[in-house]
Amino acid sequence: MIFGIIVSVFILYFLIQYASNYAGFQKDVQKVTIIKNLKITAESVYTYGNPVDFPDTSRYDFSSCYMIINKPEPPNIKCDFGEVGSVLIPMLLSADGEVVVDRADLNFGWHVMHWIEVMPESVILFTPMDSSEVTWNLMKNLTDVLPSTENLENNITYDFCDGNTLTYACGGPCEKFSFMTVLDSVRDSASRCTRSLSKKYRLITISNNCGPGFSNYGVCVKPSQDGVGVAYLAGSGETYVYKDPLDIIALVIGGSEKDVLGKTFGEKLYDYKNEVWGERLSLAAKIMKQRMLLVSSRYQYLGENLECIPIYANLAGMLASITDMAKGNYKNEAVMRNLATRLKEAESLYQDLVDLGCEYYV
């Protein structure tokens, strides 16, 4: 009888343990399915450019998920329940609650690079600590690549933080295009944001005095005349070089929360963005260089558009240098400034070809 009781207890324990493990397994299966569906949704937005809501990420905790470089394999989404398939499109991800999926574009003139932004409902706060044109243009450029959610259930809205006060620039929550209108009509500096901010607020401070610890929240950006400068993320002692708005937005979307090793998700997303950006830009420049040479030789053969041929040659040379430089040290300000200069020169040369009727807008 005692032996029977012991066996019965053992069987009961086994069944309970099995049921618990099975339930945990099923939960992880559902999480994987949701992330896979998010990838499919992101691919659709990447193709068509229309922002959408994705509420399923609110069913479980996906705050541990982040983009990871997985060479020689394509990038991946890594979560605390494992890695979830290859991601073939560039994606800035923060899947904490219901999310908005939108597309941002980087236009180099001769090439447009699409990026997917996945982020939860948020309020983007700006604190411009001077009223210069450089600062205002930076805010416009950052707002321009952030999501528009006017017809969605979840909203990304925009405002200013001045000291302990939110200004409510639109008399309430500002959607993207309304806020862009405000930026065209308002030019007032603000004091450092001291307001206690909840998780949904994402602060961008713009100041020439930015440095580690200057701001207790969000991202602090030093404005730059040529669009290449440095930014700092609260909770990190690193200096982050930016050469386009998405370098800063990667820090904003990733945020200041840290993994178990003490690395912020903003830094992880910034590294991922630049690795993918460099690979894709290098490949695009290599392909377009070959195209420039082929088109030029065709015009030469036909005796047409001869005035464009030397411009094609100059552009091909510029694209060859970009091919090599795009994979350079993205944490080196001088290297990125040199690359940004080459990109502007290539854009100008391509525009010359468009103006002469030898090319068209990409």
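Predicted model: local features only at pLDDT ≥ 70, side-chain atom pairs only at ≥ 80, totals over all residues.
**Exercise 1. A phenylalanine and its surroundings**

Leaving aside its neighbours within four places in sequence, which residues is Phe81 in contact with?

*Solution.* 
- Step 1: list the partners. Once the neighbours within four places are set aside, Phe81 touches Asp28, Lys31, Val32, Ile35, Phe62 and Cys65.
- Step 2: check a distance. Ser64 is 17 residues away from Phe81 along the chain, and their C-alpha atoms are 8.9 Å apart.

**Exercise 2. The chain as a whole**

*Solution.* 
- Step 1: take the spans. The C-alpha trace covers about 100 × 55 × 40 Å along its principal axes.
- Step 2: look at burial. The chain has 362 residues, and 48% of them count as buried.
- Step 3: look at contacts. Take those with a separation of 6 or more: 63% of them are between residues 24 or more positions apart.

**Exercise 3. Sorting out the disulfides**

How many disulfides are there, and what pattern do they follow along the chain?

*Solution.* 
- Step 1: recall the idea. A disulfide is a covalent bond between the sulfur atoms of two cysteines.
- Step 2: count. With sulfur atoms within 2.5 Å as the cut-off, there are five disulfides. Number the bonded cysteines along the chain and the pattern reads 1-2, 3-6, 4-5, 7-8, 9-10.
- Step 3: take Cys161 and Cys193. Their sulfur atoms are 2.0 Å apart. Cys161 belongs to strand β9 (residues 156–162), while Cys193 lies in the loop between α3 (176–185) and β11 (201–206). That is 32 residues apart, and the pair links distant parts of the chain. Both cysteines are buried, and with 75° about the S-S bond the link is right-handed.
- Step 4: take Cys170 and Cys174. Here the S to S distance is 1.7 Å. The torsion is about 100°, so this disulfide is right-handed. Cys170 has a relative accessible area of 35% and is partly exposed, whereas Cys174, at 0%, is buried.
- Step 5: take Cys210 and Cys220. These are joined at 1.9 Å, S to S. The torsion about their S-S bond is about -75°, so the disulfide is left-handed. Cys210 is in the loop between β11 and β12 (219–221) and Cys220 is in strand β12, so the bond ties together parts ten residues apart in sequence. Both Cys210 and Cys220 are buried.

**Exercise 4. Two helices side by side**

What is the relative direction of helices α2 and α3, and which residues make their contact?

*Solution.* 
- Step 1: get the geometry. The axes of α2 (residues 133–145) and α3 come within 10 Å and cross at roughly 170°.
- Step 2: classify the angle. Angles over 145 degrees count as roughly antiparallel, and α2 and α3 are therefore roughly antiparallel to each other.
- Step 3: name the residues. From α2 come Trp136, Met139, Lys140, Thr143, Asp144 and Val145, and from α3 come Lys176, Phe179, Met180, Leu183 and Asp184.
- Step 4: sort by class. The contact has six nonpolar, one polar and four charged residues.

**Exercise 5. Cores**

Which residues touch the most other members of the largest nonpolar core, and which helix gives the most to this core?

*Solution.* 
- Step 1: The largest nonpolar core has 104 residues, and Trp110, Phe126 and Ile322 touch the most other members.
- Step 2: find the main contributor. Helix α5 (residues 265–302) gives the most to this core, with twelve residues.
- Step 3: look elsewhere. Apart from this core lies another of seven residues, among them Val123, Leu125, Leu197 and Leu203.

How values were computed:
Residues numbered from 1 in each chain as written. Heavy atoms only, no water. Helix = DSSP H or I, 4+ residues; strand = E, 2+ residues; numbered from the N terminus. Buried < 20%, exposed > 50% of the residue type's maximum accessible area, 1.4 Å probe, protein only. Core = buried A, V, L, I, M, F, W, Y, C linked by side-chain atoms within 4.5 Å. Axes fitted to C-alpha atoms, helices over the stretch in contact; angles between N-to-C directions. Parallel < 35°, antiparallel > 145°, perpendicular 65-115°, else oblique. Contact = heavy atoms within 4.5 Å. Nonpolar A, V, L, I, M, F, W, Y, C, P; charged D, E, K, R; others polar.
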